[in-house]
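Here are my notes on this one, for you to read alongside the coordinates.

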Amino acid sequence: MDSRLLDEDAVMQICFVTHDALASARWFSDLTGKPIPSEGGAADPKEAKAIYNGKPAAVGCKIRMFAFGNIDVEFLEPGPEKSAWRDLLEEKGPGCHHIAFRTRNLTKRNDYLEGKGHALLQRGEFDGGHGRYAYYDTVKELGVMVELLEFNKNMEVQP
């Protein structure tokens, strides 16, 4: 496998941005028979250390995550502040926001994606400080963003 982007042969997550994560989760629960997951959210701004459009940002969201054997399906309700989540919701309305891939080296993958012309839109640390996320602008080519997820326990040594 060509590993320029992929460290493993799997999509980790697909995310839908919505005006109401709970309502979307209820609908999806009824559709699939899976229980409604508890609400999660973005890390506290001091922990998240988020960057949005190249500047420090306090971004928030509500998340409902359905775990399947091979992939997670996420419903994300952005907070009122400007963010990669809010931007796509306002531009396109509710729908698919991103597909996520797990990586062991976010620095290397960031360089690769930016080298291909896909700007880093937003990044930050997870709630609990066990990893980080980054969203890249692939909307023109893919219709959705690409998210990279790096977990501390699997991370390669980076400069």
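**Notes on the sheet, the helix and the salt bridges**

1. β8 and strand β9 (residues 131–136) run antiparallel and pair over five bridges; two strands count as paired if DSSP finds at least two bridges between them. Within that pairing, Glu125 sits opposite Arg132 of β9. The hairpin made by β8 and β9 has five residues between the strands, and Gly128 there has a positive phi near 95°.

2. Some housekeeping: this is a predicted model, so local features need pLDDT of at least 70 and side-chain atom pairs pLDDT 80 or more, while totals for chains, interfaces and linings use all residues. Numbering starts from 1 along each chain as its sequence is written, and side-chain values use heavy atoms, leaving out hydrogens and water. Helices (H or I, at least four residues) and strands (E, at least two) are DSSP runs numbered from the N terminus.

3. Zooming out, 10 strands make an open sheet with mixed pairing, ordered β2-β5-β6-β1-β7-β10-β9-β8-β3-β4. Its edge strands are β2 (39–41) and β4 (55–56), each pairing on one side only.

4. Have a look at Ile51. It stands opposite Arg123 in β8, and its bridge partner in β4 is Pro56. β3 (residues 51–52) is joined to β8 (residues 120–125) by two antiparallel bridges, and two bridges also join β3 to β4, again antiparallel.

5. On the helix side, α1 lies across β5 (61–67) and β6 (72–78), at about 15° to β5. Axes here are lines fitted to C-alpha atoms, for helices over the stretch in contact, with angles from 0 to 180 degrees between N-to-C directions. Ser29 belongs to α1 (residues 21–32) and is buried at 14% relative accessible area (buried is under 20%, exposed over 50%, partly exposed in between, with a 1.4 Å probe and protein chains only). Beyond neighbours within four places in sequence, Ser29 contacts Lys34, Pro35, Ile36 and Phe66, where contact means heavy atoms within 4.5 Å.

6. There are nine salt bridges, each a side-chain nitrogen of Lys or Arg within 4 Å of a carboxyl oxygen of Asp or Glu. One of them joins Glu39 and Arg64 (3.5 Å, N to O). Glu39 is in β2 and Arg64 in β5, so the pair ties together parts 25 residues apart in sequence. Glu39 is partly exposed at 48%, whereas Arg64 is buried at 11%.

7. Arg132 turns up again in a salt bridge with Glu150 (2.9 Å, N to O). That pair links β9 to strand β10 (residues 145–151), 18 residues apart, and both Arg132 and Glu150 are buried.
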